[in-house]
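This report takes up a ligand site, the domains around it and a sheet. Please keep the model in view while reading.

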Amino acid sequence: MTARDPILLSGIRAAIVDLDGTMVDTAPDFHVAINRMRADLGLAPLDIETIKNFVGKGTENLMRRVLAVDYAADQAEQHFDAALASYQRHYVAINGEYSSVYPEVREGLAALRDKGLRLACVTNKPLAFALPLLEKTGLRAYFEIVYGGDSFPRKKPDPQPLLQVCADFSLAPPKVVAIGDSSNDALAARAAGCRVLNVPYGYNHGQAVHEIDSDGIVSSLLEASQLISA
Ligand SMILES: O=C(O)COP(=O)(O)O
Ligand SMILES: [Mg+2]
């Protein structure tokens with residue numbers, strides 16, 4: 001089944017919102033940090049569109065994709081630790097500097113909150129990157145809970161972080177909607193038994209967002225809030 005025109009979602013008591021590609025356009029941060037790392041390793045820069053297709057499955061996967069551009073698997077593995085350390089150093093130094101909050105994110109979060117929904121952010125970004133970014137963008141205060149890609153043994157598309165939010169809120173998964181930009185978010189939500197809406201403007205591994213199995217595509221978090229009711 002593919003994503004269809006969004007439907008009204010009723011009986012919803014909480015929303016789990018993704019970070020990269022859903023609330024914040026972080027590709028420019030990834031672009032700068034990755035190319036500084038690549039320069040450290042003596043590698044040529046990559047363009048931002050290539051990097052967008054690599055984002056979404058956490059930092060380790062991102063490093064593997066970036067190294068696979070130049071190296072065969074065994075060589076890439078040899079360079080992995082140095083690449084990761086360099087990347088983390090560069091990312092922390094610029095986290096949020098080149099990123100921007102997408103349109104209607106603050107309005108959408110405020111509207112969801114005003115409807116009485118509880119809000120959690122679940123990202124595959126490491127928590128040490130996610131929390132400072134949420135603070136810098138002024139989004140942290142909307143969320144009761146923030147989980148990162150390293151908060152649990154398994155990250156999205158595994159349902160584990162979403163199921164933990166449901167447990168934290170004492171809510172059955174069908175009363176919770178996940179909102180994200182990628183198939184990771186939808187697969188995690190479906191596996192958890194949550195509802196799911198996708199935004200079309202983020203990073204979906206180079207795949208068309210219409211191919212994602214979700215409850216619909218919304219143009220923004222504000223539109224999502226208009227389709228969700230308690
Ligand atoms: O950093 C990533 O891999 C993607 O993070 P996200 O889950 O917030 O989209
Ligand atoms: Mg995302």
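In sorting residues, Ala, Val, Leu, Ile, Met, Phe, Trp, Tyr, Cys and Pro count as nonpolar, Asp, Glu, Lys and Arg as charged, and the others, Gly among them, as polar. The model is predicted.

**The ligand shell**

By this sorting, the shell around ligand 1 holds two nonpolar, five polar and five charged residues. D18, L19, D20 and G21 belong to the shell.

Why does ligand 1 lie between domain 1 and domain 2? Both domains give residues to its shell, so the ligand sits between them.

**The two domains**

The chain is divided as follows.

| Domain | Residues |
|---|---|
| Domain 1 | 14–25 + 100–227 |
| Domain 2 | 27–94 |

The C-alpha centres of domain 1 and domain 2 are 24 Å apart. At their contact, 13 residues of domain 1 meet nine residues of domain 2. The side of domain 1 that touches domain 2 has three nonpolar, seven polar and three charged residues.

**The sheet**

Five strands form an open sheet with parallel pairing. Their order is β5-β4-β1-β6-β7. Which strands stand at the edges? They are β5 (145–147) and β7 (195–198). Each has a single partner strand, so one side of each is left without a neighbour in the sheet. On average, neighbouring strands are turned by 20 degrees against each other, direction ignored.

Strand β1 covers residues 14–17, and strand β4 covers residues 118–122. The two pair in the parallel sense over four bridges. A15 has L119 in β4 as its bridge partner.

Helix α8 (residues 183–192) lies across β6 (176–180) and β7. Helix α8 runs at about 170 degrees to β7.

**The annotated positions**

Which residues does UniProt list for "binding site"? The unreviewed entry gives D18, D20 and D181. These residues span 164 residues in sequence, yet no two of their C-alpha atoms are more than 8.1 Å apart, so they gather at one spot.

D18 is placed in the loop between β1 and β2 (24–25).

Technical notes
Residues are numbered from 1 along each chain as its sequence is written. Chains are lettered from A and ligands numbered from 1 in the order in which they are written. This is a predicted model: local features need pLDDT of at least 70, side-chain atom pairs count only at pLDDT 80 or more; totals for chains, interfaces and linings use all residues. A residue is near a molecule or strand if its C-beta atom, placed from the backbone, lies within 6 Å of it. Domain bounds come from an automatic or database domain assignment. Two strands pair if DSSP finds at least two bridges between them. Axes are lines fitted to C-alpha atoms, for helices over the stretch in contact, and angles run from 0 to 180 degrees between N-to-C directions. Two residues are in contact if their C-beta atoms, placed from the backbone, lie within 7 Å. UniProt positions are given in the numbering used here, feature names are shortened, and annotations may be inferred rather than shown by experiment.
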